[in-house]
Amino acid sequence: MQTAIKRMTDLHASLFGGLEARTDGWFIGLSARLWFAAILLPYYFNSAMTKVAGDSFPSAGAFAQIVPSIADQYLYDTAAIPFFPWHIIVIAGTLAEFILPVLIVLGLFTRLGALGMIGFVVVQSVVDITAHGAAAGALFDGLPDQLIDQRMLWVFVLLMLVIKGAGKFSLDHVLGRRALDE
């Protein structure tokens, strides 16, 4: 019996150890960036585009999405909304929604971009719940379509990039190699 268990554990270690060795340094970063590009890049790009629609930047829609109570207070007149801090917050949020996803997909400053996106997702979730009335849902409830479940999956993909980096197929890797050559 002991020998059979030993053979099974050796086989397991051989199969999965080999798989881990062959994918180390490239698979996690590349696949996390591809998942992000397929699922979240269009989501954030479309969301960012709604913030630049109209004749002013940031648009009334941007204020309505990011700081809805301020937009309401000033009757969606962007010229009446104080520049500091509200315009700064909305401009920074809009730029982050454009820039951070592109950095992640390109694999450029990936760890910083992913860390920024984690902060963005947290702030976005708080705004969605507190200002837009979205239901957070609950963990371990068997309902994976709830906001908390979705956002935690997003953050998990981003955490993989923070921890493992973009991998060998990225601009980070190219720039890192170039810096070593100099």
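## Basis

The model is predicted: local features need pLDDT of at least 70, side-chain atom pairs count only at pLDDT 80 or more, and totals for chains, interfaces and linings use all residues. Residues are numbered from 1 along each chain as its sequence is written, and side-chain values use heavy atoms, with hydrogens and water left out.

## Helix α2 against α7

Helix α2 spans residues 27–51 and helix α7 residues 147–164. Helices here are DSSP runs (H or I, at least four residues), numbered from the N terminus. The two pack at an angle of about 140 degrees, with axes 10 Å apart. That makes α2 oblique to α7. Axes are lines fitted to C-alpha atoms, for helices over the stretch in contact, and angles run from 0 to 180 degrees between N-to-C directions. Under 35 degrees counts as roughly parallel, over 145 as roughly antiparallel, 65 to 115 as roughly perpendicular, and the rest as oblique. α2 passes α7 in a left-handed crossing; left-handed means that the near helix is turned anticlockwise from the far one by less than a right angle.

From α2, the contact draws on Ile28, Gly29, Ala32, Arg33, Phe36, Leu40, Tyr43 and Tyr44. They meet Arg151, Trp154, Val157, Leu158, Met160, Leu161 and Lys164 in α7. Contact means heavy atoms within 4.5 Å. By class, the α2 contact with α7 has 11 nonpolar, 1 polar and 3 charged residues. Ala, Val, Leu, Ile, Met, Phe, Trp, Tyr, Cys and Pro count as nonpolar, Asp, Glu, Lys and Arg as charged, and the others, Gly among them, as polar.

## Helix α2 against α6

Helix α6 covers residues 110–130. The axes of α2 and α6 come within 14 Å and cross at roughly 45 degrees. That makes α2 oblique to α6. The crossing is left-handed.

Arg33, Phe36, Tyr43 and Tyr44 in α2 meet Thr110, Met117, Phe120, Val121 and Gln124 in α6. This contact has 6 nonpolar, 2 polar and 1 charged residues.

## Salt bridges

The count comes to 4 salt bridges. The rule asks for a side-chain nitrogen of Lys or Arg within 4 Å of a carboxyl oxygen of Asp or Glu. One joins Lys6 and Asp10 at 3.1 Å, N to O. They sit 4 residues apart in helix α1 (residues 2–23), so about one helical turn separates them. Lys6 is partly exposed at 49% relative accessible area, and Asp10 is partly exposed at 39%. Buried means under 20% relative accessible area, exposed over 50%, partly exposed in between (1.4 Å probe, protein chains only).

Lys164 bridges to Asp24, with the closest N and O atoms 3.9 Å apart. This pair links distant parts of the chain: Lys164 in α7 and Asp24 in the loop between α1 and α2, 140 residues apart. Lys164 is partly exposed at 46%, as is Asp24 at 49%. Glu97 bridges to Lys51 at 2.9 Å between the closest N and O atoms. Glu97 lies in helix α5 (residues 83–106) and Lys51 in α2, 46 residues apart. Both Glu97 and Lys51 are buried.

## Two serines

Ser125 lies in α6. At 10% relative accessibility, Ser125 is buried. Not counting residues up to four places away in sequence, Ser125 touches Leu147 and Arg151.

Ser31 lies in α2 and is buried at 14% relative accessibility.
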